[in-house]
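This briefing walks through selected features of one model, grouped by topic. Please read it with the sequence and the structure side by side.

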Amino acid sequence: MDVAESSSGKKYLPKISQFFARFGDVDFLICAGDVSPYLDEFESTLEFLRATVKAGHYLVVPGNHDIWIEELIDASVDFPPPLEFASEMQATTEDVFNAASKRKYEKDLPKVTKRVGFHYLPGQPLLVEEFNMGLVGSIGWYDYTFRNEKHDEQFEDPEQMYASKLLPGIGVFNDLFFAKWGMPDKAVVAYLMRQLRHDTEALLMQNGEQRPLHLLGIFHHVPFRQGVVYKNQLWWDFFSAFIGAECFGNFLIEQQFTTVFHGHTHFRLQYSVQKTQVHCHPIGYPSEWENRRNIHGELQRRVKLVTL
Ligand SMILES: [Fe+2]
């Protein structure tokens, strides 16, 4: 739940942490991203969770909302900005904020995360000898490999269409306005894949000859096509292109990860890919809940204590 985007999100935080507390002491509290694009709010939300939920390890990977540029959101009179200005606004902000999201991902977010006692997984894999467990994490990203190819024939140049993140008359994927990696999406995926490989190698090396019994992958974006929900209608499927990238999943299977957690999609999912168990348990926005007056019931449906 992005506490900034959801107007009432913050007010539910105490109830959410109270609900978590019902589980008693847990070994890991994992946050798979989309907390807030505002750095101070990202920090205070994690700090609140750290103070109210007892866990042996507090882990986080950021989501796409968390690497959004605050100044650009503040500059948007309308949220999201009107479609007709999409291309123009994107073009004018690209140079000014060149690679600002990459800096946020590599420097700012790890810094505030550390300050509140969470472990920031990207670039910092974690070996937990007590459980013979190794954890690596990444925001993940998308390269349009999860688009529904059935719709390709409707576009003259599908790649260019998805790179625009804009479906005229229907909508825009907001990363277009607010995420500034300073490189195309495919280059972002390549950069993150390099980091993922490096982190996994470092973890295995740290573990010596003895491979960890459990390799856990924590992602924000969806690494497996099985985690993408299609409706075979363009207005919906167009945005599936921005859900994840298949190279991440291929790597996780190749490296025999036993368990993977991801976020990004608001669907509750639990599935397996070969021998890898995959979990996605989003709280989602209160506006998506069946009954906002029954928060307890909603959390019971959405929050999951996973035993490994
Ligand atoms: Fe997301």
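In which loop is the place of Q256? Q256 lies in the loop between α10 (246-254) and β9 (259-261), where helices (H or I, at least four residues) and strands (E, at least two) are DSSP runs numbered from the N terminus. This is a predicted model, in which local features need pLDDT of at least 70 and side-chain atom pairs count only at pLDDT 80 or more, while totals for chains, interfaces and linings use all residues. Residues are numbered from 1 along each chain as its sequence is written.

**Positive phi in loops**
- Most residues other than glycine have a negative phi.
- Q256 has a phi near 55 degrees, a positive value in a residue other than glycine, and Q256 is exposed, with 11 other C-beta atoms within 10 Å (buried means 20 or more other C-beta atoms within 10 Å of a residue's own, exposed 12 or fewer, and partly exposed in between, with C-beta atoms placed from the backbone).
- Q274, in the loop between β10 (269-273) and β11 (276-280), has a phi near 50 degrees, which is likewise positive in a residue other than glycine, and Q274 is exposed, with 7 other C-beta atoms within 10 Å.

**Helix packing**
- Helix α2 (residues 39-52) packs with helix α5 (residues 100-115) at an angle of about 30 degrees, their axes being 9 Å apart; axes are lines fitted to C-alpha atoms, for helices over the stretch in contact, and angles run from 0 to 180 degrees between N-to-C directions.
- The two helices, α2 and α5, are therefore roughly parallel to each other (angles under 35 degrees count as roughly parallel, over 145 as roughly antiparallel, 65 to 115 as roughly perpendicular and the rest as oblique).
- The contact is made by L39, F42, E43 and L46 of α2 together with D108, V112, T113 and R115 of α5, two residues being in contact if their C-beta atoms, placed from the backbone, lie within 7 Å.

**Strand pairing**
- An open sheet of three strands has the order β1-β2-β3 with parallel pairing, where two strands pair if DSSP finds at least two bridges between them.
- β1 (26-31) and β3 (119-120) stand at the edges, each with a single partner strand, so one side of each lacks a neighbour in the sheet.
- β1 pairs with strand β2 (residues 55-60) in the parallel sense over five bridges, and the bridge partner of F28 in β2 is H57.
- Five of the six residues of strand β8 (residues 214-219) are buried, so β8 is largely enclosed by the rest of the structure.
- Strand β5 (residues 133-138) runs parallel to β8 and is joined to it by six bridges, with V136 opposite G217 in β8.
- Three bridges join β8 to β9, which run parallel, and L216 stands opposite T259 in β9.
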